[in-house]
Amino acid sequence: MTNEDDAQHRRLIVLGGYGRSGYQGADGNTVPVISSYANNDGWYDDVADGPVRAQIKYSYIHRYTDATGKPVRKKQFAFYDVDAPAWLLVGYPSYAPEIEDMITMDEAIYDLSVRHFAFDPAVYGTAPFDRQSNQPESAADWSVWRNNAGYNPDYYPRFFRDIWPIFKRPDVYRYTLDFDMFTGGDPHNTGTGGNLNKAVLSQPPKNGIDPNRQHRAFIYAIMRKQGQENLYTAGDLSKHDRNAATGPRLMPMLNGNNPIDNTTPDKFLRMTDTQLFFLKQWKDGKFINECDEWAEGNASCENPWSDPPETGGAIDRGVLGNVLGGAFCPGAEVGWIMLNPAIYSAPYRIRQAAYTAGGLSIPAPIAVKDGSQADDIARGMEPGDLTKYMGLPWQADFHECTDQNINVTYELWNTIYPSSTGDPVKQNIAYNIPWWPGHRPMVVQKASGGQYYWASGIPDNYAGGVQMVRDWVNLGFVKFDSNDGSPGYYQVERNDQALGPQLQPGQGTLGGAITEEETGND
């Protein structure tokens, strides 16, 4: 809505869904059943997506001379269709809104835009890596560009913008899961003397002296690279060496896009290609500490990129920074389709299908039967095209996305059958790996002390998925709190009256060592 006299009405206000999910089974069956993390027939929810088009109404002064020769100034109105329409997606609640995922949707789309749409030619393009030399126009030009473009070996990433977000996130995850379930300790310590000490990692070589090069090289060595998605350890697990118990673990130690079956297995998450390029430059000492560059102090300088975004593009990227960017199995708010360049008309712009009232396409299996028009990505996206691949109802997949038992006995097999005839398996090695600790809390902390299972009171099974449809509104949020000098991310607003008291790790029943103090609401 617009009003030329009231600036506050020049904003588009969108009211999302109500968080409703429901079930209407075949033959009028109303008994809800969930039997899968992803596809459950008879269910609906109000997760949605679709285009946003706008028309600007503006005024101008029309000056002309009337029939008597008298000059006239008259206020006129005109309309202009916005050149680059937007796309809106309404997902499910963010229970830890201040904690970033290991890969955000902004980082995923930035990587795609850099490599496919010449979004940032200083990072990726063709020499001399400037804007003028990286402006393909025709389809043929784009094909040539994509065949010849590459990362700029002389690009220096900014530490606080490009590197530090990757390393600071794992340390925060101790507020959303039972921290380092593998070895104990604090391997992601960002403080003095820690593996990820910010003061050490942020200092580039100076005057030919680089005392931290070996430290950076070690961290880079254990970051999972392209082609290592199915490897558990660095250099020790391969097709020829199945002893996964030795060697440092590759990072991130999170689930990949397919840790479930043997069809195109993708067991573990890795950072995007562009993030890995930034890390390699950083490892080699080719990076800039913004605090030094901008003369803003010493190694204790606060993040110089912390100011709120002001431009429209920056605001878009800020919003996408709160959306999960991987892994996609199928994903969270939206899934793998966001990594398909074909759905974009330009960087960060979804290709929109021409609007025809009542003319939405329908899924291919139905179209095959009745001869109607099936999905065609080349025509552009239609309402619902981004979220239709997600779990239904959303609570089913969300409830299960805690951790996954990943078998690392064989690099290219998720599922093995030791009892089958002729299977050469010598050992069966598997680990429980977290999914999205920054997105779906597992074990949370209270400011008053102690760790607690976030979803206590909701069974860890398909029946729990049905209960989650009702009780998602009663779960707690994880929020930053200074907590009298012990800053951290603590649970608030959980409805213990609806869910019952929270269990702590090691407690098996609600009756196990729950104190009166622990049963009260936060």
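Which residue lies over the face of F77? In this predicted model, where local features need pLDDT of at least 70, side-chain atom pairs count only at pLDDT 80 or more, and totals for chains, interfaces and linings use all residues, the residue is K57, at 4.8 Å from the ring centre. A charge sits over a ring if NZ of Lys or CZ of Arg is within 6 Å of the ring centre and within 35 degrees of the ring normal. R146 likewise lies over the face of F117, at 5.5 Å from the ring centre. Residues are numbered from 1 along each chain as its sequence is written, and side-chain values use heavy atoms, leaving out hydrogens and water.

F117 also belongs to an aromatic cluster, together with Y124, W142, W145, Y151, Y155, F277, F278 and Y344. Across the whole structure, a search finds 32 aromatic pairs (rings of Phe, Tyr and Trp, the last by its six-membered ring, pair if their centres lie within 6.5 Å; planes under 30 degrees apart count as stacked, over 60 as edge-to-face and the rest as tilted). The rings of Y92 and W394 are stacked, because their planes are at 25 degrees, with centres 4.8 Å apart. This pair links distant parts of the chain, as Y92 and W394 are 302 residues apart. Y92 is buried, with a relative accessible area of 11% (buried means under 20%, exposed over 50%, partly exposed in between, with a 1.4 Å probe and protein chains only). W394 is buried too, at 6%.

The rings of F277 and F278 form a tilted pair, with centres 5.9 Å apart and planes at 45 degrees. F277 is buried at 10% relative accessible area, and F278 is buried at 4%.

Conventions:
Helix = DSSP H or I, 4+ residues; strand = E, 2+ residues; numbered from the N terminus.
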